[in-house]
Amino acid sequence: MYPGRVAGTALACAVTAAGVGASALLLIGASLPDYAEGSVEAAAAQDAQDVLALLLSLLVMSAVLVVGSTVALWTGQRLHQFAVLRALGVTSGRLRRMVAGDVLMLALVSAAVGAALGMVPLARLGRRLLVDRELFPETASLPSAGHVWSTGAGVCLITGAVAVLAALASVLAAGRVSPGLLLKDPGSATATARSRARLVTGLLMILMLCVPLLCVMAFMDLPVTVRAAMTPGLALTLIPSLAVLAPWIVPPLIRPVSAVLRIVDRRVGRVAAAGLSAAASRTTAMAVPVMLAVGVAVSLLGAGATIGKAVHHQAEDGLLADGVVTAEPGHRLPAAPRFPGGSATALVHTEVTAAPTSLDDQPEPADTWGVDGPRLVRVLDLGVREGRMSALRGGTFAAGAMQADSHHWRLGQRVRLTMADGSRQTLTLVAVYERDLAFPEYVVPRTTALKHTKAPYADKILLAGALRSWPADKGQKLETRAHYLDHLTPRNPADDLASRLIVSVISGYALLAAANTCSLAQRDRRAQHAHLRALGLGRVQMLRCVLYESVGAATIGVGLAAITALACLIPLAMVLDVGAAPALDLPWTAGVLVAAVLAVAVPSAMTAHPLHNVQEQFARRRA
């Protein structure tokens, strides 16, 4: 095996082993201790288990895709070698066993190195990150050395099995090679072929998956949260659809990129533009992983940023109090505060569960505030659409527009709700409000919340009056209205971390695939590079030509990603009433863009060796 051909697979297996091992150690560490029911530690342990389970599944699925595609590429480059072996009498079964053995050996060695070097350091780093975000019990530690060794061995075996399963298609393809392949001209292993079946599949994916989701999200009368939740689904169906249709979409996009290259550099730019146009299949193979990495990052993080923008707007428009008291980590606010310098409105935390609907047949308990209406309207404007919040007294409740619309509740209707203690109460709907993204979905009277909540506490305390006279106790944080809004975190920390983990894993593996594809593509062009050097192209010019081609292919991938992001985020922004311009997570978006450019440019330059002289280029051609 040539080291350059297997580097991508080896790196993917090493990263997967380190990530899976670290996640498994953290999961074991969070699960071993016993926590008091309803405690802060128990909630943090559950959040950690949810996040780590998601990360484990993402790592394994992404590894399957990258290892499968990478093995397919270097297996394609070895088809003529396999044909020679078949001509020499090697059976198809033995050839399959040879390829499977190569993959298994490479995966086990790489996984062992990755687990040994990265598993424990990554677990320690992950624990600090999760503890800082209150998503891991501070009292929980990493498992013992025995657990670490057994976890490392298990991770190596799992990585080897995953690699062999991912490479199964390539293993079977190697057994189908016949000696007659020697009579054909070798083609590029990175080619992305057109076929009628592929075209029909891509169009069906667009018509049957993407278009219905887009229409539902933009036009159907559904709750905002339901339509907002469709944005990741739309992105994760549109991006694969464009990837399937890439052989037909990319060639037209090569023309404007080629025109720009000719303008930027009249001599070398023309050569690079000719390379992009002459091998559209190679350009497509390089652009698709970039589209996947950038498209997932911009769409998923942009959806979160757009929702956060809507939450911030609602909070800014609704908050009327002079100050807000919140609890420090590990502490809780009293449900009956005293404020000699003004009025203190405690928003008692409780939960309410509504009846199932067609959209949610197993509803989860929804966060709810317990507060009397006349006190609430002086410090908070929930944007009442129907009814009056001041009418919120015993035996009544108020609901957000999303819940009221999904249940088809009418003002004055008596509704049976399940309270936090499991009891069922029939309450009368007296108000429907629209600012239910920034604030809880239900508001019940204070007496109802205190009666049906075990160990009640206040989620927040809203103050009106002289803030300096507030008797702040330990574990309480007093902020002015302006300071609170400036430092408002619109999204749940667990949800935000989960989104960033999804983007990091998918984009990271996609860029790894892009780097490996670019490296193999340049390996196929050794003869062309040698002839270009012989025709007078200088070393620096050769380097520029390689970089122009790789960055041009990446630009096409970024353009397709931008189309995907706009198709997903503009309808979401309009649904959330924040205008037609969605918000973007600019630091992460810029970081992924820079990483995409580096992922295609650096491997291309390293593999092409553009600074070698003519003799070295022709020697590499014959190698």
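Does D381 count as buried, exposed or partly exposed, and at what relative accessibility? D381 counts as partly exposed because its relative accessibility is 32%. The model discussed here is predicted.

## Salt bridges

The structure holds eight salt bridges. In one of them, D265 pairs with R544, and the closest N and O atoms are 2.7 Å apart. This pair links distant parts of the chain, 279 residues apart: D265 sits in the loop between α9 (246–264) and α10 (268–278), and R544 in helix α18 (residues 539–575). D265 is buried, at 11% relative accessibility, whereas R544 is partly exposed, at 28%.

D381 takes part in another salt bridge, with R435, where the closest N and O atoms are 3.3 Å apart.

## Nonpolar cores

The largest nonpolar core has 100 residues, of which V67, L130, F136, V290, V294 and Y509 touch the most other members. Leaving out residues up to four places away in sequence, V290 touches G295, A514, A554, G557, V558, A596 and V600. A second core, separate and made up of 24 residues, includes V371, L376, Y433 and L462.

## Annotated spans and a surface patch

An unreviewed UniProt entry carries the annotation "transmembrane region" for residues 53–76, 103–126, 146–174, 199–220, 232–254, 551–576 and 588–611. In the model, residues 146–174 are 97% helix and 0% strand, with the end C-alpha atoms 41 Å apart. Residues 551–576 are 96% helix and 0% strand, and their end C-alpha atoms lie 36 Å apart.

A nonpolar patch on the surface consists of V200, L204, L207, M208, L209 and V211, which together have about 550 Å² of accessible area. M208 belongs to helix α7 (residues 196–219) and counts as exposed because its relative accessibility is 59%.

## Surroundings of K309

K309 is part of helix α11 (residues 280–318) and is partly exposed, at 28% relative accessibility. Apart from neighbours within four places in sequence, K309 is in contact with V578, A581 and A583. The C-alpha atoms of K309 and P490 are 7.7 Å apart, although 181 residues separate the two along the chain.

Terms used: Residues are numbered from 1 along each chain as its sequence is written. This is a predicted model: local features need pLDDT of at least 70, side-chain atom pairs count only at pLDDT 80 or more; totals for chains, interfaces and linings use all residues. Side-chain values use heavy atoms; hydrogens and water are left out. Patches are made of residues with over 30% relative accessible area and no salt bridge: like charges are joined within 9 Å, nonpolar side chains (Val, Leu, Ile, Met, Phe, Trp, Tyr) within 5 Å. Accessible areas come from the Shrake-Rupley method with a 1.4 Å probe; for residues, only the protein chains shown count as cover. A salt bridge is a side-chain nitrogen of Lys or Arg within 4 Å of a carboxyl oxygen of Asp or Glu. Helices (H or I, at least four residues) and strands (E, at least two) are DSSP runs, numbered from the N terminus. Buried means under 20% relative accessible area, exposed over 50%, partly exposed in between (1.4 Å probe, protein chains only). UniProt positions are given in the numbering used here, feature names are shortened, and annotations may be inferred rather than shown by experiment. A nonpolar core is a set of buried Ala, Val, Leu, Ile, Met, Phe, Trp, Tyr and Cys residues joined through side-chain atoms within 4.5 Å. Contact means heavy atoms within 4.5 Å.
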